[in-house]
Amino acid sequence: MQFSDLGLTPDLLRAVAEKGYDTPTPVQSKAIPAVLAGGDVLAGAQTGTGKTAGFVLPLLQKLGAAVGRSPRVLVLSPTRELAAQIGENARTYGRYTNLRTQVIFGGVSERPQIDALRNGCDLLIATPGRLLDLVGQGALDLAAVRHFVLDEADRMLDMGFIHDIRRIVKILPVQRQNLMFSATYSQDIRDLAARMLRNPVEIEVAPRNSTAERVAQVAFRVPKESKRHLLVHLFRNGATDEGPWYQALIFTRTKHGANRLAQQLEGAGIRSAAIHGNKSQAARVRALADFKAGRIAALVATDVASRGLDIKELPQVVNYELPNVPEDYVHRIGRTARAGSTGRAVSLVSNDEAGLLRDIERTMRQTVPITPLPAFEIVEVSRPSASPANRAAPAPRPARHGGRPGSRSHRFGRSRPNRNAS
Ligand code: AMP
């Protein structure tokens, strides 16, 4: 199937072609015609499947041209980063239209957002709290909304947004199209869908473990106190002696743990930054930009902060600590292996986490091979951060494509047998 088969206008097709997409992803092939047809949609699709274009493209088409001052499409997103990314996508796909996209989220000053809304908005992407604040102040009118998207609904509920969602839905006009995207289907999600959606078209494109299948997963059994030394070793030598890592996204369970690990890695000469909910929006944006630009090698994140991050060609994800909820593991490792590429997830599992690993394996219906520990040095880190002269920039980015022996697909592909698996 081609994008041109989906009934999109030439303006949108041109923007899609310039973005470099050849063929629609499965969620796009199914969601775009369903959204264009005008009914409600319930889609089981996680980040990395191309779901954003799956709803943004047909909604831009339904909007047509700029009208009035108040938004006609409202997209709710659980995090500021995801909201910003959806906004970026909407502006890219809508570049040959005159439609106006605005993004509002908390943690930054309200004034510029209020001013931007005054200039007119067709498509609004918002996090729930800031949306309700601005509606409460009379700075935003939702009476013109005809299309409502709840993105990452499962994460919205995990983050405790259910009451905000209910309040927002009550404010919206009754006559509207509703789209709901969720990576997982708990009973709570089913209940919310039953209340919010009318005869939805159901789209299931990403069975829960499809990401997991594309990601080569390995685990090291390692005492808690040795984890940071092993991680430094992995950055310097790779997990299977493939050479230094260019970059990794590393998950910790707590904000404090993320800060501490980022400092420890810096102390060992690995450029690092932490992102989590206590960091200012400016600091989070800067860390993400530094990581995307290759200025830092290690981005240490908590689950909430990482949600929806779209980092191209991220070769590996490290579970420095396993998450308590197996679904979070699937979300985490979905940060690599985006849109069909392959990647690797490395878990550092201490004794007290063995039960968590079993829960994860049960949920994924897949075992995660335990790899024998490499010999690694205990690198004592006394200073919180080394002087710039001692810090290593990321190793040179390895070639991504082509079949030469050093390429990522060659090294990390699923077909590669895990010689060390036990
Ligand atoms: P999403 O699931 O919406 O977060 O998208 C994941 C990634 O896939 C983003 O980097 C998109 O730019 C990319 N993407 C979306 N649609 C396509 C497509 N049809 N072909 C190739 N890449 C795509």
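The model is predicted: local features need pLDDT of at least 70, side-chain atom pairs count only at pLDDT 80 or more, and totals for chains, interfaces and linings use all residues. Residues are numbered from 1 along each chain as its sequence is written, and side-chain values use heavy atoms, with hydrogens and water left out.

**Overall architecture**

- The chain contains 17 helices and 13 strands; helices (H or I, at least four residues) and strands (E, at least two) are DSSP runs numbered from the N terminus.
- Of its 422 residues, 55% count as buried, where buried means under 20% relative accessible area, exposed over 50% and partly exposed in between (1.4 Å probe, protein chains only).
- Among contacts (heavy atoms within 4.5 Å) between residues at least 6 apart in sequence, 75% join residues at least 24 apart.

- Six strands form an open, parallel sheet in the order 8-13-12-9-11-10; two strands pair if DSSP finds at least two bridges between them.
- Strand 8 (215–221) and strand 10 (272–275) are the edge strands, each pairing on one side only.
- From one strand to the next, the twist averages 20°; axes are lines fitted to C-alpha atoms, for helices over the stretch in contact, and angles run from 0 to 180 degrees between N-to-C directions.
- Seven bridges join strand 8 to strand 13 (residues 343–349) in the parallel sense, and Val-215 stands opposite Gly-343 in strand 13.
- Helix 13 (residues 281–292) packs on the sheet, touching strand 9 (248–251), strand 10 and strand 11 (298–301), and its direction makes about 145° with that of strand 11.
- Helix 15 (residues 326–333) lies across strands 8, 9, 12 (316–319) and 13, at about 150° to strand 12.

**Helix 16**

- The buried residues in helix 16 (residues 354–364) are Ala-354, Leu-356, Leu-357, Ile-360, Glu-361 and Met-364.
- Seen down the helix axis, these buried residues fall within an arc of 160°, so they line one face of helix 16; the arc is that of the directions from the axis to the C-beta atoms.
- Arg-365 follows helix 16 and has a positive phi, near 50°.

**Two loop residues**

- Ala-144 lies in the loop between helix 6 (128–136) and strand 5 (147–150), and is partly exposed at 24% relative accessible area.
- Leaving aside neighbours within four places in sequence, Ala-144 is in contact with Ser-70, Pro-71 and Arg-72.
- Met-159, in the loop between helix 7 (153–158) and helix 8 (162–171), is partly exposed at 26% relative accessibility.
- Met-159 and Val-304 are 145 residues apart in sequence and 8.1 Å apart in space, C-alpha to C-alpha.
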